[in-house]
Amino acid sequence: MLLIYRAMWIFQQTGDRLLGLVDRLQRAFHRSPPAFRRGAAMLVDALIVMESFAVVLIVRVEGDAEGQGPHFVLFWPFAMFSALAFVLLLNETGVYRSILRYTGIYQGVQVLSATAIAAGGLFLTVFCMGPNGFGITEANPVPLSVPLVGSVLAYVQLVAVRLYPRVFYELSLREVGRRTRVAIVGTGEAGVALAGHIWRTAASEAQVVGFVSDSRAEVGRQIEGASVLGVVEDLKDLIAQHGIDQVIVAKPQAGREEMDWIWRTSINASAEVKVMPDLGEFLAEGAIRLRELQIEDLLGREPVDIDLEALSDYINGKRVLVTGAGGSIGKELSRQISRLGPAKLVLLDRDESGLYYLNT
């Protein structure tokens, strides 16, 4: 038993040292000049291309003793030429100017376009050099399947090696201690953008527990690494079940009644409510700024702006009578009119108490 514990301790220490070494290498790499990082990326890509083509060739000629010799004689010059072609095309498409931790679909398309051009060019090169082309060589330098299948294999690895820094970066952010447990109401573009923004913001103290959808068909699915917990009708139970501290409404199309219901349900379940502005406001400000729920969200219409200057000219110095002044609307109307300088303000209502409290 002591020997087992000793072996486990050695294994743990070795693992910690390797992780520390990898971390130091990553830090040193990020501190290195851009030209060095670009050159290292080109070298890695070239090795990936050569490895991919070699794997395809080995599989292709396996068991063919007669074909192995000629193909392997010409393979390495062809592989180095192919690697050079890939690197030049990747550089031309701007792949090496990208920041790896932000790799996304656009970078994948860049790599795909370079790979497609390289695969087509290499296929034509092999065909033209062989006996069916210009007959430069007695046989094709490599089987015609090598540049095609090898390019596909290379593309997968070229994309994977670029996704790794982003995955590592985002996972490291998700390990940061976050205290506020958040549920996002809405699984549309706004909700997805908000979740991604929260995950990729190191300073954020929020943790996206999951989404709340309008459709039960989406329940259980994953968005940005978080599950769709349930539907809006189950919001109260979801808050209690998952310990939600904050509900963020990311539904620009939500109506007054739905907003009011979400607000009341969340408040009754002791969860704070925030509202995400629409994507137009987000693009204008350049950052997602959550705001408190406002009366306009529950109003169901745009607020009416009053031209106080025009009203002041109309009311100033005149005697004004307000009927129903003891009611809620009458009270507010009387207060607003009193600020516009009337010569006399007469308040009329059958509710004497309402008039009394209006003057206090």
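1. Leucine 158 lies in helix α5, which covers residues 145-174 (helices are DSSP runs of H or I with at least four residues, numbered from the N terminus). With a relative accessibility of 0%, leucine 158 counts as buried, where buried means under 20% relative accessible area, exposed over 50% and partly exposed in between, for a 1.4 Å probe and protein chains only.

2. The model is a predicted one, in which local features need pLDDT of at least 70 and side-chain atom pairs count only at pLDDT 80 or more, while totals for chains, interfaces and linings use all residues. Residues are numbered from 1 along each chain as its sequence is written, and side-chain values use heavy atoms, with hydrogens and water left out.

3. Setting aside neighbours within four places in sequence, leucine 158 is in contact (heavy atoms within 4.5 Å) with Asp45, Ile48, Phe86, Leu90, Val111 and Thr115. The C-alpha atoms of leucine 158 and valine 44 are 9.0 Å apart, although 114 residues separate the two along the chain.

4. Threonine 115, on helix α4 (residues 105-129), is likewise buried, at 5% relative accessible area. Beyond its neighbours within four places in sequence, the contacts of threonine 115 are Phe86, Ser151, Tyr155 and Leu158.

5. Helix α4 has 25 residues and reaches 36 Å from its first C-alpha to its last, close to the expected 36 Å, the expected span being 1.5 Å times one less than the number of residues. The buried residues of α4 include Val111, Ala114, Thr115, Ala118 and Leu122.

Conventions
Helix = DSSP H or I, 4+ residues; strand = E, 2+ residues; numbered from the N terminus.
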